Amino acid sequence: MQRRTPPAPATWTQAAALAALAALVLVLFSPRALAPPPGARAHPVIVLDPGHGGIDGGTHLDGRILEKDLTLQLAQAMAPLLEASGFRVVLTRTADYALAPGDDDASVRRDLEERLRIAREARAAALVSLHVNAARDSRQRGPIVFYQIGDEPGRRLARAIQDRLNAVFPPAARNEALPADFFLLARAGRPAVLVEFAFLTNPADRAILLRPQGRGLLAAAAVQGLVGGLAELGIRAHGVPGRR
Ligand SMILES: [Zn+2]
């Protein structure tokens, strides 16, 4: 975060005031004026939230292919692409574990609260929760990006990501971003979306999800949509951050 130097306490003569005005005009019309305003961050933080983990596998196929593994792989594919676009990335989990122990409703809620705490402490510009879908009807397919009802920035992010993800799929598999009322999105306190990349229960979607190449396409599309959507909201990265 950048701070402005405090104004000098000296008494202002007319000449000094004119000089200051001239300096202000110079600043306003120089390329420096394109730099982020004070308080804005040159490298906004995006929190990527790989859904589920540990005892909570999420949806699955025959107990062998687990949503929690796919969401982590997708997050790990997205992170370097976002960083290359100048954003800092924080993952809510970096391996296979739950963020709160136990498997009852209370621990599911604590797990989600922990994800929210991470986004808050990172002062994230946006929270992006990553999931894989399932349906009884195996014909159902394609990506669906959800946003919290009433969250206008979230809606814009969701639509931008949805558009890019749709392009990875044939026309019949394309969907629209949808409003929802989810615990995580409702309490995010920042633009937030939940991405269901594809249906594990659809054979064609599954073929995309299970191949590293397919996940790479999904990750790249999601990042393109996210970066475009953030720009619409005035959230831009300035240059590529140095490695920590
Ligand atoms: Zn899920």
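## Surroundings of Val90

Val90 touches Val45, Val47, Ile118, Ala122 and Ala124, leaving aside residues up to four places away in sequence; two residues are in contact if their C-beta atoms, placed from the backbone, lie within 7 Å. The residue belongs to strand β4 (residues 88-91). Helices (H or I, at least four residues) and strands (E, at least two) are DSSP runs, numbered from the N terminus.

With 18 other C-beta atoms within 10 Å, Val90 is partly exposed. A residue is buried if 20 or more other C-beta atoms lie within 10 Å of its own, exposed if 12 or fewer, and partly exposed in between. The C-alpha atoms of Val90 and Leu48 are separated by 6.2 Å, although these residues are 42 residues apart along the chain.

## Basis of the model

The model is predicted: local features need pLDDT of at least 70, side-chain atom pairs count only at pLDDT 80 or more, and totals for chains, interfaces and linings use all residues. Residues are numbered from 1 along each chain as its sequence is written.

## Packing of α2 and α7

Two packed helices are described by the angle between their axes and the distance between the axes. For helix α2 (residues 67-84) and helix α7 (residues 212-232), the angle is about 50° and the axes are 9 Å apart. Axes are lines fitted to C-alpha atoms, for helices over the stretch in contact, and angles run from 0 to 180 degrees between N-to-C directions. α2 and α7 are therefore oblique to each other, the term for angles that are not under 35 degrees (roughly parallel), over 145 (roughly antiparallel) or 65 to 115 (roughly perpendicular).

On the α2 side, the contact comprises Gln73, Leu74, Ala77, Met78, Leu81 and Leu82; these meet Arg215, Gly216, Leu218, Ala219, Ala220, Ala222 and Val223 in α7. Ten residues of this contact are nonpolar, two polar and one charged. Ala, Val, Leu, Ile, Met, Phe, Trp, Tyr, Cys and Pro count as nonpolar, Asp, Glu, Lys and Arg as charged, and the others, Gly among them, as polar.

## The two sides of α6

In helix α6 (residues 203-210), Asp205, Ile208 and Leu209 are the buried residues. Seen down the axis of α6, they fall within an arc of 100°, so they line one face of the helix; the arc is that of the directions from the helix axis to the C-beta atoms. Their cover includes α2, β5 (126-133), β8 (192-199) and α7. The face turned away from the buried side of α6 carries the exposed residues Pro203 and Ala207.

## The chain as a whole

The chain has seven helices and eight strands. Of its 244 residues, 37% count as buried.
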